[in-house]
Amino acid sequence: MGGVDLADQMANVYELDRKSCKWWKKVFFRLLMSAVVNSWIVYCELKHRKTPLLDFIVPLAEALMASGKLNAQYQCRRGTGRPSKTSRSLLNVGDHLPVTTKTRRRCRKCAQQKKESRTKIMCTMCNIPLCIDCFKPYHE
């Protein structure tokens, strides 16, 4: 019991337990700290000197963050999250049909190109006003 109690005591000096109701996160941080303490003990035995645990943890964390930055692939954050209704509806191009409405609205594609164009035509799937010239190029 002495070894287990001593390992628990050393692991609790620098508590990594986060306020979280997720049990698996608590288990992960507990196992991580146990692995760090065990590697610190092995390091101290190999170097034949007593290094404080904090002096071992800080360079270890810095090295892990540096290797994580090197191995990380930068991705655009625009692709994360819930897909919008327009991107979902554009997957099925065959169902897009032009429908004439009562009101005239600005064409979305022309507005992006800073052209003034009013139209009564709307796409049934996208619910976006598009002039007849922009309807097909917008959905391609």
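These are my notebook entries on a predicted protein model.

**Ground rules**

I number residues from 1 along each chain as its sequence is written, and I use heavy atoms for side-chain values, with hydrogens and water left out. Since I am reading a predicted model, I note that local features need pLDDT of at least 70 and side-chain atom pairs count only at pLDDT 80 or more, while totals for chains, interfaces and linings use all residues.

**Entry 1: the whole chain**

I looked up the secondary structure and found six helices and two strands. Helices here are DSSP runs of H or I with at least four residues, strands are runs of E with at least two, and both are numbered from the N terminus. Along the sequence I read the pattern α-α-α-α-β-α-β-α.

The accessible surface comes to about 11,400 Å², and 58% of it belongs to carbon and sulfur atoms. The method is Shrake-Rupley with a 1.4 Å probe. Of the 140 residues, 21% count as buried. Buried means under 20% relative accessible area, exposed means over 50%, and partly exposed is in between (1.4 Å probe, protein chains only).

I also looked up contacts, meaning heavy atoms within 4.5 Å. Among contacts between residues at least 6 apart in sequence, 34% join residues at least 24 apart.

**Entry 2: where α2 meets α3**

Two packed helices are described by the angle and the distance between their axes. How do α2 and α3 cross? The axes of α2 (residues 23–47) and α3 (residues 53–71) come within 10 Å and cross at roughly 115 degrees. I note that axes are lines fitted to C-alpha atoms, for helices over the stretch in contact, with angles from 0 to 180 degrees between N-to-C directions. The two helices are therefore roughly perpendicular; that label covers 65 to 115 degrees, with under 35 roughly parallel, over 145 roughly antiparallel and the rest oblique.

From α2, the contact uses Met33, Val36, Val37, Ser39, Trp40 and Tyr43, and from α3 it uses Leu53, Phe56, Ile57 and Leu60. By class I find nine nonpolar residues, one polar and no charged. Nonpolar here covers Ala, Val, Leu, Ile, Met, Phe, Trp, Tyr, Cys and Pro; charged covers Asp, Glu, Lys and Arg; the others, Gly among them, are polar.

I then picked phenylalanine 56, which is found in α3. Phenylalanine 56 is buried, at a relative accessible area of 13%. Beyond its neighbours within four places in sequence, phenylalanine 56 touches Val36, Ser39, Trp40 and Tyr43. Phenylalanine 56 and serine 39 are 17 residues apart in sequence, and their C-alpha atoms are 9.3 Å apart.

Histidine 48 is exposed, at 72% relative accessible area. Its phi is near 55 degrees, a positive value in a residue other than glycine.

**Entry 3: the loop between α5 and β2**

My last stop was the loop between α5 (108–112) and β2 (118–123), where I found serine 117. Serine 117 is buried, with a relative accessible area of 17%. Which residues touch serine 117, leaving aside neighbours within four places in sequence? I listed Arg105, Arg106, Cys107, Cys110 and Cys131.

Lysine 114 lies in the loop between α5 and β2 as well. Lysine 114 is exposed, with a relative accessible area of 75%. Phi of lysine 114 is near 60 degrees, a positive value in a residue other than glycine.
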